[in-house]
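Dear colleague,

I am handing over the structure below, and would be grateful if you could look through it alongside my notes. They begin with the overall layout and then turn to particular helices and side chains.

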Amino acid sequence: MEIAERIAAMSPQERKVISPALNEHLRLPKQEMIWTQGMMSLGAKQEAGTGKQEEKKEKTIKVIKEVRVFASLGLKEAKELVEKVPVVIKQGLTKEEADGIIEKIKDVGGVAVME
């Protein structure tokens with residue numbers, strides 16, 4: 001517990017430096033981050049009809065709901081996160097977890113990548 005408290009008290013820069021060394025020493029699986037890039041690629045200016053705007057709105061709502069589930073966020077927080085893409089939505093995942101989340105986002109019409 002004492003070591004954990006000392007690490008938590010470090011600055012973010014110090015933690016970035018020791019994190020890879022700890023992961024390697026403890027033989028932890030490589031962790032991945034998921035970035036969202038342009039959840040909806042069509043802008044409102046490019047959309048001519050109301051039908052496309054409604055379709056985009058429906059897709060956005062589905063993406064917000066999906067982000068809300070796996071990020072454990074409230075509706076408002078998930079909406080704000082989706083609206084300010086590109087943004088890191090979750091980090092410290094295994095490759096399998098990240099692939100599952102990316103697949104779910106793509107299934108509802110969003111775009112996500114793993115770094």
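The protein has five helices and three strands, where helices (H or I, at least four residues) and strands (E, at least two) are DSSP runs, numbered from the N terminus. Along the sequence these elements follow the pattern α-α-β-α-α-β-α-β. Please bear in mind that this is a predicted model, in which local features need pLDDT of at least 70 and side-chain atom pairs count only at pLDDT 80 or more, whereas totals for chains, interfaces and linings use all residues. Residues are numbered from 1 along each chain as its sequence is written, and side-chain values use heavy atoms, with hydrogens and water left out.

Of the 115 residues in the protein, 23% are buried, a term that means under 20% relative accessible area, with exposed meaning over 50% and partly exposed in between (1.4 Å probe, protein chains only). Among contacts (heavy atoms within 4.5 Å) between residues at least 6 apart in sequence, 59% join residues at least 24 apart. The protein exposes about 8600 Å², of which carbon and sulfur atoms supply 54%; accessible areas come from the Shrake-Rupley method with a 1.4 Å probe, and for residues only the protein chains shown count as cover.

Helix H5, which covers residues 95–107, has 13 residues and reaches 18 Å from its first C-alpha to its last, close to the 18 Å expected at 1.5 Å a residue, the expected span being 1.5 Å times one less than the number of residues. Its buried residues are Ala98, Ile101, Ile102 and Ile105. Seen down the axis of H5, these buried residues fall within an arc of 100°, so they line one face of the helix; the arc is that of the directions from the helix axis to the C-beta atoms. On the other side of H5, Glu96, Glu103 and Asp107 are exposed. Just after H5, glycine 109 takes a positive phi of about 105°.

The structure holds two salt bridges, each defined as a side-chain nitrogen of Lys or Arg within 4 Å of a carboxyl oxygen of Asp or Glu.

Leucine 75 and isoleucine 64 are eleven residues apart in sequence and 7.6 Å apart in space, C-alpha to C-alpha.

Finally, Leu22, Leu26 and Leu28 make a nonpolar surface patch of about 260 Å². Patches are made of residues with over 30% relative accessible area and no salt bridge, with like charges joined within 9 Å and nonpolar side chains (Val, Leu, Ile, Met, Phe, Trp, Tyr) within 5 Å. Leucine 22 lies in helix H2 (residues 12–25) and is partly exposed, with a relative accessible area of 36%.

With kind regards
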